[in-house]
Amino acid sequence: MPLPAPDFPADHLPPSRTAFFLDFDGTLAQIVADPDRAAVGAETLAVLRRLEEVAGGAVAVVSGRSIAQLDRMLHPLRLPAAGVHGLERRDAAGTLLQTPVDADAQQRLAAAVSAFVEGRPGLLAEVKPGSVALHYRKRPELEADSLAFAIDLARGDGRIRLVEGKKVIEMKLAARTKGDAIADFMAEAPFSGRLPFFAGDDVTDEAGFALVNGMGGVSLKVGPGETHARYRVADTAAFAACLARLAAG
């Protein structure tokens, strides 16, 4: 894995020529034990609004959360967004595009994860369009059991794709990634023809980093850990400062 350079070239990313793609948890918002309690500060929301203006709308959130969750947590902003690691996407025109999945398989997956969680207080099953996430942040000692359970489910249904994140295991019923979502955005206005920039914090963001790197863009890892991102900042506070510099043009 390459070691990202410590200096982030925020001053060399003019908003009028850059397409901005931003992860949510661990990037715009601090990771918290209860995912429903994650929040973006008022100052960061104001910076995002300013960045959207100076970038001509070329700002999208690319997250593992559903778009409905993102809209609630970013209110009153309603940005272009990709949710569930690329399984759903809302373009700049407001059109919602969803990857079709088998509804019966989704119901069976949700029921199985809910049953697993029921007897293990502290675990959380999060049902999303085309996916179910198993959170064990409050019970880290159950990581091995949770992973074994998810692997067993995936062996029983070849459509299930496992995505491991920070104290969470995502079970997706389609193969799309954050990189696929960014590629789709980059083929459309107002993102096309610009230099792509993607900031994220987790292994689930690596597909996005790879896509952006392949396009000659700028990839930024927030926090520690091995990565293919070309740059790194220490934490969400440091990224908030970078975002303010970007929005200042």
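**Exercise 1. Determine which residues of helix H6 are buried and how they are placed around the axis.**

Solution. In helix H6 (residues 206-214), the buried residues are Glu206, Gly208, Phe209, Val212 and Asn213. Buried means under 20% relative accessible area, exposed means over 50%, and partly exposed lies in between (1.4 Å probe, protein chains only). Helices (H or I, at least four residues) and strands (E, at least two) are DSSP runs, numbered from the N terminus.

Next, look down the axis of H6: the buried residues fall within an arc of 155 degrees, so they line one face of the helix. The arc is taken over the directions from the helix axis to the C-beta atoms. An α-helix has 3.6 residues a turn, so residues three or four places apart point the same way.

Last, find the cover. The buried residues of H6 are covered by elements including H5, E10 and strand E11 (218-222). After H6 comes Gly216, which has a positive phi near 75 degrees.

The model is predicted: local features need pLDDT of at least 70, side-chain atom pairs count only at pLDDT 80 or more, and totals for chains, interfaces and linings use all residues. Residues are numbered from 1 along each chain as its sequence is written, and side-chain values use heavy atoms, with hydrogens and water left out.

**Exercise 2. Describe how H5 and H6 pack, and classify the residues of the contact.**

Solution. The axes of H5 and H6 are 7 Å apart and the packing angle is about 40 degrees. Axes are lines fitted to C-alpha atoms, for helices over the stretch in contact, and angles run from 0 to 180 degrees between N-to-C directions. That angle makes H5 oblique to H6. Angles under 35 degrees count as roughly parallel, over 145 as roughly antiparallel, 65 to 115 as roughly perpendicular, and the rest as oblique.

H5 contributes Lys178, Gly179, Ile182 and Ala183 to the contact, and H6 contributes Ala207, Gly208, Leu211 and Val212. Contact means heavy atoms within 4.5 Å. By class, the contact of H5 with H6 has 5 nonpolar, 2 polar and 1 charged residues. Ala, Val, Leu, Ile, Met, Phe, Trp, Tyr, Cys and Pro count as nonpolar, Asp, Glu, Lys and Arg as charged, and the others, Gly among them, as polar.

Now take Ala207, in helix H6. Ala207 has a relative accessible area of 31% and is therefore partly exposed. Not counting residues up to four places away in sequence, Ala207 touches Thr177 and Gly179. Ala207 and Thr177 are 30 residues apart along the chain, and their C-alpha atoms are separated by 6.6 Å.

**Exercise 3. Repeat the analysis for H3 and H4, with the handedness of the crossing.**

Solution. The axes of helix H3 (residues 103-118) and helix H4 (residues 143-156) come within 12 Å, crossing at roughly 155 degrees. That makes H3 roughly antiparallel to H4. The crossing of H3 and H4 is right-handed. A crossing is right-handed if the near helix is turned clockwise from the far one by less than a right angle, and left-handed if anticlockwise.

On H3 the contact is made by Leu109, Ala112, Val113 and Phe116; on H4, by Asp145, Ser146, Phe149 and Leu153. These residues of H3 and H4 divide into 6 nonpolar, 1 polar and 1 charged.
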